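Subject: Structure handover

Hello,

Here is the structure I said I would pass on. My notes on the charged pairs and the surface follow below it.

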Amino acid sequence: SLRNLFSKADLDIILPELENAFSGEGVVRFLWEGEKLKGRWFSIQLSPIPEPGEVNSILGTVTDITDRILFENQIVQKEKIFRRMADNAPVMIWTS
């Protein structure tokens with residue numbers, strides 16, 4: 001059962017996305033940070049598999065993107081440090 005795998009907060013995010021996928025309107029993509037898996041980020045894609053008249057199943061892929069998120073956050077922090085240093089330097093700093 002999904003309720004055993006995910007917290008209430010997780011289900012509040014995931015269940016509407018599952019409903020969107022089962023509506024048959026197209027592929028659903030979203031990022032999710034699992035509450036039970038603190039600090040882990042996932043990219044989720046849900047693709048409806050249409051059958052005559054309705055969607056009874058979906059194909060889901062889940063990719064752990066934690067390393068990418070952490071790397072992107074490090075880049076943002078380093079850019080902030082560089083910007084602060086450049087803005088406060090007593091001489092002009094030029095980058096191209």
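**Salt bridges and a surface patch**

Arg-68 and Glu-72 both belong to helix α3 (residues 66-88), and because they are four residues apart there, about one helical turn separates them. Helices here are DSSP runs of H or I with at least four residues, strands are runs of E with at least two, and both are numbered from the N terminus. Arg-68 and Glu-72 form a salt bridge, with 3.3 Å between the closest N and O atoms. The term salt bridge means that a side-chain nitrogen of Lys or Arg is within 4 Å of a carboxyl oxygen of Asp or Glu. Arg-68 is partly exposed at 42% relative accessibility, and Glu-72 is partly exposed at 36%. (Buried is under 20% relative accessible area, exposed is over 50%, and partly exposed is in between, with a 1.4 Å probe and protein chains only.)

Before the rest, some notes on the source. This is a predicted model, in which local features need pLDDT of at least 70 and side-chain atom pairs count only at pLDDT 80 or more, while totals for chains, interfaces and linings use all residues. Residues are numbered from 1 along each chain as its sequence is written, and side-chain values use heavy atoms, leaving out hydrogens and water.

How many salt bridges does a search of the whole structure find? The search finds three. Another of them joins Lys-8 to Asp-12, where the closest N and O atoms are 3.0 Å apart. These two residues are in helix α2 (residues 8-22), and as they are four residues apart, about one helical turn lies between them. Lys-8 is exposed, at 61% relative accessible area, whereas Asp-12 is partly exposed, at 46%.

There is also a salt bridge between the side chains of Asp-64 and Arg-40, at 2.6 Å from N to O. Asp-64 is in strand β3 (residues 54-64) and Arg-40 is in the loop between β1 (28-33) and β2 (41-51), so the pair ties together parts that are 24 residues apart in sequence. Asp-64 is partly exposed at 38% relative accessible area, and Arg-40 is partly exposed at 33%.

Last, the surface. Phe-82, Met-85, Val-91 and Ile-93 make a nonpolar patch of about 360 Å². (Patch residues have over 30% relative accessible area and no salt bridge; like charges are joined within 9 Å, and nonpolar side chains, meaning Val, Leu, Ile, Met, Phe, Trp and Tyr, within 5 Å. Accessible areas come from the Shrake-Rupley method with a 1.4 Å probe, and for residues only the protein chains shown count as cover.) Val-91 sits in the segment after α3 and is exposed, at 57% relative accessibility.

Regards
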